[in-house]
Amino acid sequence: MLLENLNINPDELPQMEAVDFESLESDYLYMRLTAWGLFFLMAAGVLTVLLFTTDVAAWMYYTPWAALFALVFIFEIIGFKIKGYAIRQKDVSYKSGLIWFHMTSVPFNRIQHCEISQGPLGRLFNLASVKVYTAGGSGSDLSISGLTKERAQRLRDFITKLSAEYE
């Protein structure tokens, strides 16, 4: 028997049901703003050293960095409201992006393993990330950041259990 590869009319594709995404912890926004604040604080230190070692006016150093600082903070605050994750019957999804929107969905039957990671700022804010891996990749295929450590552990256990049922 020969295999057929029939054309499908895009207008006839079934509509994906509306997905209710869970919000991330509000502390995640504060953690991201703290990380950016530390970066800009170090940049200000470098700019201050440059200011004292060159004859350039201070405003030429600080004005572009101040504008970039304000822009990053605005984008972080607005972009935070867009981020979220959803667990459905057969997959896990994550959405993010303000300028470039991303939505990644990984079906449970493709999940190889799942892990939790927590950096130094994450420990300070009691936040963790759940990383989902599928076969064949060297990095995580889906990463959900901004969860409390307890919520991340429950999510990891749930995803691991569901993915094991598909094996």
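The lining of the largest pocket comprises six nonpolar, two polar and three charged residues. The model is predicted, so local features need pLDDT of at least 70 and side-chain atom pairs pLDDT 80 or more, while totals for chains, interfaces and linings use all residues. Residues are numbered from 1 along each chain, and side-chain values use heavy atoms, without hydrogens and water.

**Largest pocket**
- The volume of the largest pocket is about 220 Å³.
- Its lining (residues with an atom within 4 Å of a pocket point) includes Arg32, Trp36, Phe75, Glu76, Lys83 and Trp100.
- Helices H1 (26–53) and H2 (58–80) each supply at least two lining residues, and H2 gives the most, with four.

- Ile159 is in contact (heavy atoms within 4.5 Å) with Ile87, Val92, Phe108, Ile111, Cys114 and Val132, leaving out residues up to four places away in sequence.

**Arg151**
- Arg151 belongs to helix H4.
- Arg151 counts as buried (under 20% relative accessible area, 1.4 Å probe) because its relative accessibility is 16%.
- The side chains of Arg151 and Glu25 form a polar contact of 2.5 Å, the term denoting a pair of N or O atoms within 3.5 Å, one able to donate a hydrogen and the other to accept it.
- Beyond neighbours within four places in sequence, Arg151 touches Glu22, Ser23, Glu25 and Tyr85.

Notes:
On a 1 Å grid over the protein atoms alone, a cavity is a set of points where a 1.4 Å probe fits but cannot get out, and a pocket is an open set with protein on both sides within 12 Å along at least five of seven lines; lining residues have an atom within 4 Å of a point. Grid points are joined across faces, edges and corners, and a volume is the space filled by probe spheres set on the points. Ala, Val, Leu, Ile, Met, Phe, Trp, Tyr, Cys and Pro count as nonpolar, Asp, Glu, Lys and Arg as charged, and the others, Gly among them, as polar. Buried means under 20% relative accessible area, exposed over 50%, partly exposed in between (1.4 Å probe, protein chains only).
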